[in-house]
Amino acid sequence: MPLFWRVFVAYVSVLVLVFLLLVFAPVTVSIPVAATELAVLVGGLVFMLALTLALLRGVFRPLDAVTSMMRRVDLLASGQRVPVTGEPGIAAVAQTFNEMLERLERERRESSRVALAAQEEERARVARELHDEIGQVFTGMILRIESVAARAPADLRDDLAALTEAARGGATTVRDIAARLRPDVLDDLGLQRALSTLASTIGEQARIVVDRDLQPVAGLDDQAELVVYRVAQEALTNVVRHAHATSAALSLRREGDEAVLRVCDDGAGLPATAALGRSSRGIRGMRERAMLVSGRLALGARDGGGTEVVLRVPLGRP
């Protein structure tokens, strides 16, 4: 029975009961109302309200369960749906909500795909300009300084050598920035080598130990590999910036029909709101990237202290 008719039947039941009581009960009301008669009327009113409450609570209890589930749905987690149960009216509400979630996920995934593609293109452009233009400037400086040093007096050669090393350091920094903006190693050598290089670079720069357990995982397309790499990059960057850790661990393996990336550290851990993505744009960005490839991202405390970031990406997705 539809919800409207269930509510209507509940009200009709109460009204019919009151009508029958008025017709057949040996109750009279005088004017003015006597105290005993008033007590009977108040008792009848209380009984009607209690009966109406009981009937309507039974009608709306399934709807309350559905709305409670709706409030707990995380829009950044793919695949969450409200159970379609109960009478047809309640089930229709749940089904409609699930269809709306599916449309939102599809539209958000498409808009995120466009936005992230534009972001990657911009990163690639900036990386090329850094490498080709700024890198060439440093290379020209190095060659010019070395040429001047060959003709300079002996007392200036140490200063020119220091200047040469400073220019080489600048060129190296530019190359590192370009590599972080656009990981060419991911295109050239694959995900495993890219993650290994990332772990080595961050470990050397932050002077922390980054253990690696990177296994080959077949079935990831180019977009999924880029998402895995970017999530690992953001997670390790967060370890360096916020965790105050002395060691970290990076792993990639296949578990069932999913590729699972784990980044762990022994640092200070995350604030309570971080798992919801409210404390960091980086964490929210990771969750949106995971949604882009129908993946699931989980952040939580690590056994023994620290933080664990886990990304699960389905293999062979359409």
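Is E308 buried, partly exposed or exposed? With a relative accessible area of 26%, E308 is partly exposed, because that value falls between the 20% and 50% cut-offs. Please keep in mind that this is a predicted model.

**Salt bridges**

Let's stay with E308 for a moment. Its side chain meets that of R262 in a salt bridge, at 3.9 Å from N to O. E308 sits in strand β5 (residues 307-314) and R262 in strand β3 (residues 258-265), so this pair ties together parts that are 46 residues apart in sequence. Both residues also belong to a network of salt bridges that links E255, E258, R262, R296, E308 and R312.

The whole structure holds 11 salt bridges. Here are three of them:

| Pair | N to O distance |
|---|---|
| R253 and D213 | 2.2 Å |
| R168 and E146 | 2.7 Å |
| E308 and R262 | 3.9 Å |

R168 forms its salt bridge with E146. R168 belongs to helix α4 and E146 to helix α3, so the two join parts lying 22 residues apart in sequence. R168 counts as partly exposed at 34% relative accessibility, and E146 is partly exposed too, at 35%.

R253 and D213 also pair through their side chains. They link distant parts of the chain, with R253 in strand β2 (residues 247-255) and D213 in strand β1 (residues 209-214), 40 residues apart. R253 is partly exposed at 29% relative accessibility, while D213 is partly exposed with a relative accessible area of 30%.

**The nonpolar core**

The largest nonpolar core has 43 residues, and L195, L250, L261 and L311 touch the most other members. Helix α7 gives the most to this core, with 11 residues. Leaving out residues up to four places away in sequence, L195 touches L214, V228, Y229, A232, L250, L252 and L261. Another core, of eight residues, lies apart from it and includes L63, V73, I90 and A94.

Helix α7 (residues 222-243) is also the place of E225. At 18% relative accessibility, E225 counts as buried, because the cut-off for buried is under 20%. Beyond its neighbours within four places in sequence, E225 is in contact with L186, L191 and L220.

**The largest pocket**

The largest pocket has a volume of about 1000 Å³. Its lining has 39 residues, with R123, R180, L181, R230 and Q233 lying nearest the centre. Elements that give two or more residues to this lining include α3 (88-151), α4 (154-181) and α7. The most comes from α3, with nine residues. By type, the lining residues are 16 nonpolar, 10 polar and 13 charged.

Definitions and conventions
Residues are numbered from 1 along each chain as its sequence is written. This is a predicted model: local features need pLDDT of at least 70, side-chain atom pairs count only at pLDDT 80 or more; totals for chains, interfaces and linings use all residues. Side-chain values use heavy atoms; hydrogens and water are left out. Helices (H or I, at least four residues) and strands (E, at least two) are DSSP runs, numbered from the N terminus. Buried means under 20% relative accessible area, exposed over 50%, partly exposed in between (1.4 Å probe, protein chains only). Contact means heavy atoms within 4.5 Å. On a 1 Å grid over the protein atoms alone, a cavity is a set of points where a 1.4 Å probe fits but cannot get out, and a pocket is an open set with protein on both sides within 12 Å along at least five of seven lines; lining residues have an atom within 4 Å of a point. Grid points are joined across faces, edges and corners, and a volume is the space filled by probe spheres set on the points. Ala, Val, Leu, Ile, Met, Phe, Trp, Tyr, Cys and Pro count as nonpolar, Asp, Glu, Lys and Arg as charged, and the others, Gly among them, as polar. A nonpolar core is a set of buried Ala, Val, Leu, Ile, Met, Phe, Trp, Tyr and Cys residues joined through side-chain atoms within 4.5 Å. A salt bridge is a side-chain nitrogen of Lys or Arg within 4 Å of a carboxyl oxygen of Asp or Glu.
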